[in-house]
Amino acid sequence: MRVFVVNSGSSSIKYQLVDVVSEQVVLSGLLERLGQAGGDAADHESGMRVVLDRLGSEAQSIAAVGHRVVHGGDVFTAPVVIDAEVEAGIQAVSALAPLHNPANLAGIRAARAALPGVPHVAVFDTAFHQSMPAAAATYAIDRAVAAEHGVRRYGFHGTSHQFVAGRAAALLGRPLESLKLIVLHLGNGASATAVDGGRSIDTSMGLTPLAGLVMGTRSGDLDPGALLHLLRAGLPVDDLDRLLNSRSGLLGLAGSADMRDVTAAADAGDVDAQLAIDVWTHRIRHYVGAYLAQLGGLDAVVFTAGVGENAPALRARALDGLGHLGLAIDADRNGSPARDARVISPEGAPVAVLVVPTNEELAIAQAAAALVA
């Protein structure tokens, strides 16, 4: 079965044709700068026609289309076949993700128009975290205000966390339902999730993807009083938004959002870069300790995403000093250039440490295939 996976941004369409059985990518590509001078297409609708031209005869093999949708609010708790009502629901929660949901919806409408003869499935970044208990999802503000504006912890990267948790269980040779895991999705965007028996019970991102770990350009956790202070000092709301989303994190601390640049600068003696890495690792250890307490035990810590998969020294630093919790990394295993899922903790360690490559496109394809089957 082949699923066409669409990840639509405000000015881009990223796509893959995935064979779900073999888990192989048949074809993939990216359209950029939609609606801009010199861009690949005038809009999402014309962009989708370009994509179909690229697919050629392969388009005939598409059994379903899987769409990444960032925010499902508390309406969508699982993947769903898209119809007019679902489109309206995605639109209704767009206020919670104004930079993402409208773009996702534009891609959905363009793809449904271009491929009307196959089912289209929405897979939500937030859905996996809907299993969180109320104590983890609820913010301690006035209940009426929270209800009116949908203010609660939703969490993101759910498709990645769910996929990686399943692959970690397979690597350990144990049922996912028996495992207590902490999954660390460490990329330009970063989040941590406590997974108990295959269910998310807590996650670091919140109402928006701003909360939690230090990211490439996003601040992660910040005292909300700091926002009030900056607003009262005269910083406009839009400038504050850009500060927190586009000028903070590693970029704000060290001048680059790319961890490779920051690491190189730190190794060369740059004190700002050294502090940035210290803050980055401090925040990770904070969440590992907190989630171990919430889980009431721990079977494995799992590293994934760009930095988590490709930076052995940073993996080691992130867990440095946590030996009393049973967490240790074997230097030889950790330094291996292997790209496959693997154990990097010492033989016989009380808590396993794993590296598991994520594959959100495959996860979306699998979810879509399972739903339409």
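Before anything else, a term: by helix I mean a DSSP run of H or I at least four residues long, numbered from the N terminus. I also kept in mind that this is a predicted model.

**Entry 1: positive phi**

Most residues other than glycine have a negative phi. Ala305 is not a glycine, yet its phi is positive, about 75°. I found Ala305 in helix 12, which covers residues 305–310. Is Ala305 buried or exposed? Ala305 has a relative accessible area of 7%, and the cut-off for buried is under 20%, so Ala305 counts as buried.

Glu23 turned up as well, with a positive phi of about 60°, and it is not a glycine either. I placed Glu23 in the loop that joins strand 2 (12–19) to strand 3 (24–31). Its relative accessibility is 33%, so I wrote Glu23 down as partly exposed.

**Entry 2: helix 6**

Next I checked the length of helix 6, residues 158–172. With 15 residues at 1.5 Å a residue, helix 6 should span 21 Å, and I got 21 Å between its end C-alpha atoms, so the two agree.

Which residues of helix 6 are buried? I listed Gly158, Thr159, Ser160, His161, Phe163, Val164, Ala165, Ala168 and Ala169. I then looked up what these buried residues pack against: the partners include strand 6 (120–124), strand 7 (180–186), strand 8 (190–196) and helix 15 (360–372). Strand 10 (300–304) and strand 12 (352–355) are also among them.

**Entry 3: helix 7 against helix 8**

I took helix 7 (residues 224–232) and helix 8 (residues 237–246) as a pair. Their axes come within 10 Å and cross at roughly 135°, so I noted the two helices as oblique to each other. The crossing of helix 7 past helix 8 is right-handed. On the helix 7 side I have Leu227, Leu230 and Leu231, which meet Val237, Leu240, Leu243 and Leu244 of helix 8. I sorted the residues of this contact: seven are nonpolar, none polar and none charged.

**Entry 4: Pro102**

Last, I looked up Pro102, which sits in helix 3 (residues 101–114). Pro102 has a relative accessible area of 35%, which makes it partly exposed.

Notes: Residues numbered from 1 in each chain as written. Predicted model: local features only at pLDDT ≥ 70, side-chain atom pairs only at ≥ 80, totals over all residues. Heavy atoms only, no water. Expected span 1.5 Å × (residues − 1). Buried < 20%, exposed > 50% of the residue type's maximum accessible area, 1.4 Å probe, protein only. Contact = heavy atoms within 4.5 Å. Axes fitted to C-alpha atoms, helices over the stretch in contact; angles between N-to-C directions. Parallel < 35°, antiparallel > 145°, perpendicular 65-115°, else oblique. Left-handed = near helix turned anticlockwise from the far one by under 90°. Nonpolar A, V, L, I, M, F, W, Y, C, P; charged D, E, K, R; others polar.
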